[in-house]
Each structure stands twice: as structure tokens, then as C-alpha cells.
Amino acid sequence: MQQPRESQEIPPGCPAHGNVQMYGPSFGADPESHYAQLRHHGPSAPVDIAPGVQAELVTSYDAALYVLQNPSSFVRDSRRWNALNEGRVPADSPALPMMGYRPNALFSDGAAHARLRGAVTDSLATVNEHQLIRQTQQSAHYLISRFSTDIRGQAELMAEYAQPLPLLVFSDLFGCPPEIGDRVIAGISGIFEGTPGADEVLGGALTELIALKRRRPTADLTTRLMEHPAQLTDEEVLHQLVTLLSGGTAPLAAAIGTSSALYLGEDWQVGLPVEDAVSQTLWNYAPIANYAAHYPTHDVELGGRVVRANDPVLISFAAANTDPKLTEHREQLSAKAHLAFGAGPHACPAKDPAFMIAVTAVETLLNQLHDVELRVPFKSLTWAPSPWSRSLVTLPIRFTPRSVPQAAGSAGPAGSTAGPLSPQQTAAASPSHAGPSRTSTGAAPQPKGGLFSRFLAWTRGE
């Protein structure tokens, strides 16, 4: 029988605790020490991923690839999960929303997975690269306009920029009208924040969106999923949209925040491109840190340890990327050899668009706020204590505030093209917009509605 755990954290490797705890403030502050402790046990080790929830965590790069690329022995359908089926997982466990079964490509295998994933990848392939850059730039310009005239010359970049930016881009890609987009953003944000009823808000908004696209199809990602030859049902379309939102927005926010912090940090080498900061983030601060539960179809041996069939095996993308055996010869590896986007049949289908969005978001920030800098050293920043993601809690910045608010549709302040503007942005750049924003007299009047409604109104110059 599993012994009860004390509520307070016990340090990794303490003899009073058989498993390393992968949650709480000490883990968030120093996950690498936890991974180092786990590596003493071999390529994988048992951990508590949440209170009362045990899993085998793979920390070796080679072992992670073996699991990810071996779908005949390791499947993703969490309905196999022994402890869950035996009633040993607390009903209110924070592991359940992350590991519990959903009818989407992420938790499917074989032919069912191929069908759902094919619809997703084919639909994503129709997204125009230049259009995506413009959408990202426009969202970035809007968000920057909301804080750039603050007389204090200060902002909190995670809450005011990194987190809302992917939400705006995805709502646009999905073809949301204003009111539905507001509820999609409120729903997915609420799920990540643990807000009661957020699931229902998101589900209701996406159900309305799908019904709307059935009546009036348009050139957007939702319509393409619905019109795909795989003939997804409305429920299947809904679950694939939820997967894209949950797998795309929070990790992208983490990547944008960390990449910005690295580029502005005291140890960054001046002259290196933004792409290097994003790549370094993916290697050393994998936004999805520990995830991708697999279930062995039979008892398997991992580095001398036997893992029972249907016991969860999680991949530590963060630990695998920083595996000491790998870093010895990482210079010889491709810059894209990291596992931040996974590998094998379940690798992220949107890795190239995600990289492009992150780079564009950071470049636009630097182009718009030329003297932006961190208000605290990079090493003093606080990280979220979640086992699932590696994300900054806050990212305080300072800059010279814009003295005169721009009207929507203007070309931007003098010199706004200075800074690390990429060739792609030069070719695809949209006008630098700025709408109602904070000034020395307080918040300017905002259009009614939520974030997406206000963004769309701003794009129309309202």
C-alpha cells in the first residue's frame, strides 16, 4: 500500500521519501538539482508528479527517444493507467487534467491517431507563413501599444505580452468572431488558472464556432479541419481545437517570455540573433518540461529497471535536453535536435509555426522598444513551480515610454525599423499600429468586450 505523504516538501533524495517530488516551490526554483538526483538512478526513475501520483520519469536523451519512437511498446491511451483504474489517483489531483484521456490525437494510437493527426497536420500546412508573421506582428503591436505609453516606463511582460499574444494569434487562426474569441480566450486562460467552469466556457464557445463554420465556412483553421477528407465529427473537431489551444498557447507564452529574458539578460552575447535565444530556450528551458505520458503494452526494462505494463512513463524533455552525456557533443548536433517539440509519431505538428511566432514576437518587442531591458537580473527571475512546464512567473521590464500615443494605422515612431528586424519581417511587415493605451493620466477608454473584441476593434481603428 502506498504510504501517505507529508504536506510539506521533502528534499530530493531524502531517505524519508522514496520518490523525488516534481512539484512545489523547491522544484520550480531548481529543477536541475532534481533531475541530477534522478540521473543517479539511471535513464529513468520513479517520481511523484503530483501528491499521491507516481510515474516513471525518463531523464536520458537516448531513453526518451527510445520511448517516443517505439509506439508498438509505448502507447498514449491513458485509459490503460493502472493507478487511475484502481482508484489510487485522487479525484482532485492536478495530474488528471494533464494525463486524463481525451478523444484527440494526443491520446490516440495507431489508425485512430493517424486519422486525427492527419487532419491537424494537413490543416496547419495551409497556414500561409507570411500571413502568420503579419498576424503575430499585429497582435504584438496591439499589446505593446497597451503598455508602451505608461509614464513609468515599466511593464510585466508575461501578463501583458507573452501570455496574451498566442491567444490572439490562435483566435485569429481559428476564424473567431469577436464575442466567441473573447470566450475562447477566457475559457483556455481559466483552465490554465484553475478557474471553476472554464471547461464549460471553452466548450460552449468552440461548439458555437463550429456551428457557425458549418453555416458559413471561411478560410480559417476551423473550417479546414471540418472540411478535411478524414470527415471529423463536430466533437472531434472541438477536441482537436482544444489540443491546439492547450498545446500551443501556454508553451508559446513560456517560450516568448524566456527567450525575451535570455536576449535581455546580462549573460547574452551582443550581436547574436533572436533565433539563437529561442533555440537556447528550447534546449535549456523546454517550455513543456515533463509530459507525454506513455503506457507500456507489456512489462519493459529501462536501464535495468522494470516498468509494469500500463504504469505511466513520462518524458522529461527538460532533463533529456540537458543530459550530461548529450551536452558533451552537442556542438555536433543539429540546432533542432532538441526534444522540446517531442519526437516520433506524436511530435508537435506545429513546431515550425511555433518557432516562427516566438521569434517574431521577440523581434517585434525589440524593434518597438529599442532600449527595453530587464528590471532584475535574469538569475533572479522566478519560475512557476509546475512539473509540466518551465515558465517564468513574471518578467519585469523597463523602457523609455512613448510620449505621444499613435493612432491606429500610423506608420509608427521615427526609427521604428531599427533593431533586429529579420528579412522575413521586412518582407512581410505590417504597419505599426497602436491603439488606446495607458498614459500619465491613467487608462484610456477601451472598446467594450474582451481581449479579442478590443484587438479587432483596434485593427479597424475604432
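View 1. At 5% relative accessibility, A292 counts as buried (buried means under 20% relative accessible area, exposed over 50%, and partly exposed in between, using a 1.4 Å probe and protein chains only). This is a predicted model, where local features need pLDDT of at least 70, side-chain atom pairs count only at pLDDT 80 or more, and totals for chains, interfaces and linings use all residues. Residues are numbered from 1 along each chain as its sequence is written, and side-chain values use heavy atoms, leaving out hydrogens and water. You'll find A292 in strand β6, residues 290-296 (helices, H or I with at least four residues, and strands, E with at least two, are DSSP runs numbered from the N terminus). Now check its backbone: A292 isn't a glycine, yet it has a positive phi of about 55°. Most residues other than glycine have a negative phi.

**View 2. N310, another positive phi, this time in a loop.** Look between β8 (305-307) and β9 (313-316), and there in the loop sits N310. Its phi is near 70°, a positive value in a residue other than glycine. Is N310 buried or exposed? With 19% relative accessibility, N310 counts as buried.

**View 3. P46 and its contacts.** P46 belongs to strand β2, residues 44-50. Its relative accessibility is 17%, so P46 counts as buried. Which residues does P46 touch, not counting those up to four places away in sequence? They are N19, V20, L38, Q54, A55, E56 and R305 (contact means heavy atoms within 4.5 Å). Take N19: P46 and N19 are 27 residues apart in sequence, but their C-alpha atoms are 5.9 Å apart in space.

**View 4. K213, a buried lysine in a helix.** K213 is part of helix α11, which covers residues 198-215. At 6% relative accessibility, K213 counts as buried. What does K213 meet, once you leave aside its neighbours within four places in sequence? K213 is in contact with F174, G175, T218, D220, T222, T223 and M226.

View 5. E160 has a relative accessible area of 23%, so it is partly exposed. Follow the chain and I144 is 16 residues apart from E160, with 8.1 Å between their C-alpha atoms.

**View 6. Helix α19, tucked in among other helices.** Helix α19 spans residues 451-459, and eight of its nine residues are buried, so the helix is largely enclosed by the rest of the structure. The buried ones are L451, F452, S453, R454, F455, L456, A457 and W458. What covers them? The cover includes α7 (129-147), α9 (164-173) and α10 (178-193). Just after α19 comes G461, with a positive phi of about 75°.

**View 7. Where α14 packs against α17.** Helix α14 (residues 274-284) and helix α17 (residues 351-368) pack at an angle of about 130°, and their axes are 9 Å apart. Axes here are lines fitted to C-alpha atoms, for helices over the stretch in contact, and angles run from 0 to 180 degrees between N-to-C directions. The two helices, α14 and α17, are therefore oblique to each other (under 35 degrees counts as roughly parallel, over 145 as roughly antiparallel, 65 to 115 as roughly perpendicular and the rest as oblique). On the α14 side, V274, E275, V278, S279 and L282 meet F355, A358, V359, V362, E363 and L366 in α17. By class, the contact of α14 with α17 has eight nonpolar, one polar and two charged residues. Ala, Val, Leu, Ile, Met, Phe, Trp, Tyr, Cys and Pro count as nonpolar, Asp, Glu, Lys and Arg as charged, and the others, Gly among them, as polar.

**View 8. Where α6 crosses α13.** The axes of helix α6 (residues 110-125) and helix α13 (residues 234-264) come within 11 Å and cross at roughly 65°. This crossing of α6 and α13 is right-handed. Which residues of α6 and α13 meet? R115, L116, V120 and L124 come from α6, while E236, Q240 and L244 come from α13. That contact of α6 with α13 divides into four nonpolar, one polar and two charged residues.

**View 9. Zooming out to the chain.** The chain has 19 helices and eleven strands. Buried residues make up 52% of its 462 residues.

How values were computed: A crossing is left-handed if the near helix is turned anticlockwise from the far one by less than a right angle, and right-handed if clockwise.
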